[in-house]
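Trainee: I would like to go through the terms used for this model and see what each one rests on.
Mentor: Then ask about them one at a time.

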Amino acid sequence: MSLNTDLAVELYRDEINADKLSGVACSERRDRLTGLRITEIDILNDESAVRLQKPIGKYITIEGDEPLYEYSPVFNERCKLLAGEIKKVCRSFDSVLFLGLGNRRITPDSIGALTADRVFATRHIKRLAREIDSSELSELSCVAAGVMAQTGVESAQLALAIVNEIKPHQVVVCDALACSEPSHMGRAIQICSSGISPGSGVENSRAEISEATLSVPTMAIGVPTVSRMLDGLIVTPKPIDRLVERASVMIARAVNLCFHPTLTPDEVDSLM
C-alpha cells in the first residue's frame with residue numbers, strides 16, 4: 001500500500017479496485033436533511049487490518065459536496081448528525097477525556113488545539129461546585145497536548161499520564177489528518193474507534209494513542225487538511241485558516257452535544 005493517507009475510506013477503495021476485499025463490512029448512505037454522505041467501514045479481522053494498514057475497528061467518514069469552510073444553512077443539523085455518529089463509536093459517556101493534538105502555531109495542524117479551546121469541560125464543576133446540579137452533564141476533561149517540539153513530551157506519554165491520574169472511561173482524540181485524494185481535503189470528517197497514530201499520513205508517525213496503549217476505549221476524530229502530491233511536496237487548501245476555524249467549531253459543538261445532550265445548540269454556543 002503506497003497511499004499517504006489517514007482515511008480508511010481511501011485505503012478501502014484502493015484495495016477493492018485492485019481485488020475483492022473480505023473481512024471488511026462497508027455501508028454508505030446520504031442524509032437528506034444535511035446532504036452529507038456517510039460511509040461506515042468495519043475492519044473485522046487481522047488479515048484485513050494488515051491489508052488496509054489500519055487496526056481492527058469502526059471507521060466513519062462524513063463527506064460534504066462543498067468544503068467545510070463554506071457557509072451552510074443546515075450547519076446546526078450537521079453538528080447534530082456528527083454528534084450522533086460520535087455516539088456510535090464511543091463506549092462510555094460518564095467520564096471522558098478530550099485530547100486535542102497538534103501545533104496551534106501551524107495552521108493546518110491546529111484543528112485539535114482549536115477544538116479543545118471550545119469543548120465544555122465539566123470535571124471541575126461536577127467535583128467542586130456541589131451546589132450546581134450537573135447530573136445531566138458528562139464528566140469531561142479537556143487538554144490541548146501540543147507537540148513534542150514544544151513540550152519535550154510525546155503526546156502519547158502525556159495522554160497516558162493524564163489517564164493514569166484522572167482515570168476516564170473514554171478518551172476522545174482530535175487531530176488534523178492527511179488524505180491522498182484532493183477531493184477529501186477540507187470536505188471530510190473521519191471518526192474511528194481505534195485511536196490514532198499522529199503524523200502517520202505524512203510519514204512523521206508518533207507513538208500510537210489507542211486503547212492498546214491507554215487501556216481505555218479511545219476514539220479519534222479529525223479532518224484532512226493536507227495531502228502529499230509529490231515526494232517532498234505537501235499541499236493544503238488556500239483558505240486553510242477558515243477551514244480549521246469552521247471545522248473546529250463543528251467538531252467541538254458535536255462533542256458538546258454528544259456528551260452534554262441536555263444542552264441546546266444556543267447553550268452550547270454560549271459555552272464555546
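Trainee: How do you know whether the radius of gyration of the protein chain agrees with that of a compact globule?
Mentor: The radius is taken over C-alpha atoms, and the globule rule is 2.2 Å times the number of residues to the power 0.38. For 272 residues a compact globule would have a value near 19 Å, and the protein chain has 18 Å, so the two agree. This is a predicted model, in which local features need pLDDT of at least 70, side-chain atom pairs count only at pLDDT 80 or more, and totals for chains, interfaces and linings use all residues. Residues are numbered from 1 along each chain as its sequence is written, and side-chain values use heavy atoms, with hydrogens and water left out.

Trainee: Why is Ser194 called buried?
Mentor: Buried means under 20% relative accessible area, exposed over 50%, and partly exposed in between (1.4 Å probe, protein chains only). Ser194 has 12%, so Ser194 is buried. Across the protein chain, buried residues make up 55% of the 272 residues.

Trainee: Which side chain does the side chain of Ser194 join in a polar contact?
Mentor: That of Tyr59, at 2.8 Å. A polar contact is a pair of N or O atoms within 3.5 Å; within protein, one must be able to donate a hydrogen and the other to accept it, and residues adjacent in sequence count only if both atoms are side-chain atoms.

Trainee: What makes Phe93 and Phe259 an aromatic pair, and what is the pair called?
Mentor: Rings of Phe, Tyr and Trp (its six-membered ring) pair if their centres lie within 6.5 Å; planes under 30 degrees apart count as stacked, over 60 as edge-to-face and the rest as tilted. A search of the whole structure finds one aromatic pair. Phe93 and Phe259 are 5.8 Å apart centre to centre, with 45° between the planes, and the pair is tilted. The pair links distant parts of the chain, 166 residues apart.

Trainee: Is Phe259 buried or exposed?
Mentor: Phe259 has 1% relative accessibility, so Phe259 counts as buried. Phe93 has a relative accessible area of 32% and is therefore partly exposed.

Trainee: Where does the charged end of Arg246 sit?
Mentor: Over the ring of Phe75, 4.0 Å from its centre. A charge sits over a ring if NZ of Lys or CZ of Arg is within 6 Å of the ring centre and within 35 degrees of the ring normal.

How values were computed
Helices (H or I, at least four residues) and strands (E, at least two) are DSSP runs, numbered from the N terminus.
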